[in-house]
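Thanks for coming, everyone. Let me put the structure up and then we'll walk through it together.

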Amino acid sequence: MTFTDEHLQQFYRYGISLSQNEAQAYDLLQDALESYLKSPPVNDAASMGYIRSIMRNRYIDQYRHRNRFPEEGLDNIEETLGIDARLLEDIVVTAQQLDEVWQQLSTSEREIIFLWAVEDMSANDIANELDMPRGSVLSKIYRLRNRMNDNASAANEEVAL
Amino acid sequence: MKSTSSQSSLKQAVNRKLDEHQLSGEQLNDLHKLLNDSQTNTETAGKQRPWYLAAGAAMVAMIAILVVVFVPQQSLNMPQLIANEVVRNHLKLKPLEVSTNSLEEIRSHFDKLKFSPISSLNITDASSLIGGRYCSLQGYKAAQLRIVSSGSGKLDTVYQAPYVLDTFGKLPDIANDDSPLVVYERGIKVTIWVEKGILFARTHMEATQ
């Protein structure tokens, strides 16, 4: 597959979503491309997801190595009933609110937001991409929505005061 | 980082935030060089391989051919992959980011694309535009427009994405008087064509009997 500038920029933004660091995002992308070139997938059309997968695994390896990758508990499946990525659709934020919340998000939450907002994936698509149970994705989306709403409410209260 | 007090949807705000991060021209050049050099090295190294590696490569090639022959066509067929992505998102009917019947307003909304959305000579049934939202098609940032078909009265989805030959392969081009490619996905007809360098993919929902 031939990668255009737009592809590379998209991967880079994915790296930013994971690491929140431009230099590290670039390193992740470079490493991922090298791995991809050594063993590209049989199905060319799967290359985009394949490279994101290499970047994610590389990032997790690095952080496990430094014992900094946050371990997250198992999700409660009961709280995911009736939840979908559409819950995020009706949220409105200012750039400042997003900046504040973004700093508080875990790596996996930023990754889910990226796949939903930039790659336009549904909860099922995200679960497939991340190879995790759909319930876990939905649970994270539910908590994410609550956090975004809490932040927006707090901002509105400040304005009211 | 600049902040604005104006509110927007979370999706738009995230896209804007991440769009602030761009690879520099130098970094892009380095990555393209990495990709191209590796390809050249692979070709050069191939000439120096001993016979057993060549035999191994031949065996791998044979297996690859068998895979191509026996793997279901859908997984390797780009038009089908396009139709799959378009229909999947068409059925979701996600909220529009901009609601308008004006192509000018559509163009000004989709200012992050590498191209400007156009009207198509292939959509001649006076279908009315009702709006659109950002999306992607096979990894390329694209416009997902929604129209009401005058024929069926149903909502249809029209994708417009940059046409990249290497990725999408050869597709019918209206400039050559080609007819659109017709693909069916989940029972929904999808037509695919290229017009003025833009890849179009449109769903055709049938009128209720």
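Between chain B and chain A there are 16 residue pairs in polar contact, both partners at pLDDT 80 or more. By polar contact I mean a pair of N or O atoms within 3.5 Å; within protein, one must be able to donate a hydrogen and the other to accept it, and residues adjacent in sequence count only if both atoms are side-chain atoms. pLDDT, by the way, is the predictor's confidence in each residue, from 0 to 100.

Residues are numbered from 1 along each chain as its sequence is written, chains are lettered from A and ligands numbered from 1 in the order in which they are written, and side-chain values use heavy atoms, with hydrogens and water left out.

Staying with the interface, the rule finds eight salt bridges across it, a salt bridge being a side-chain nitrogen of Lys or Arg within 4 Å of a carboxyl oxygen of Asp or Glu. One salt bridge to look at joins A:Asp120 and B:Arg133, 3.5 Å from N to O. Counting contacts (heavy atoms within 4.5 Å), 50 residues of chain B touch 48 residues of chain A. The buried area is about 4300 Å², with 61% of that from carbon and sulfur atoms; that's the accessible area (1.4 Å probe) the two parts lose on being put together, summed over both.

Now, the aromatics. How many aromatic pairs are there over all chains? The count is seven, where rings of Phe, Tyr and Trp (its six-membered ring) pair if their centres lie within 6.5 Å; planes under 30 degrees apart are stacked, over 60 edge-to-face, and the rest tilted. A:Phe3 and A:Tyr36 sit 5.2 Å apart, centre to centre, with planes at 70 degrees, so they're edge-to-face. Both A:Phe3 and A:Tyr36 are buried, meaning under 20% relative accessible area, with exposed over 50% and partly exposed in between (1.4 Å probe, protein chains only). Ring pairs link A:Phe3, A:Phe11, A:Tyr36 and A:Tyr50 into a cluster.

Finally, confidence. Chain A averages a pLDDT of 79, and 83% of its residues score at least 70. Over residues 68-82 of chain A, though, pLDDT is below 50. Where pLDDT is low, the predicted coordinates should not be read in detail.
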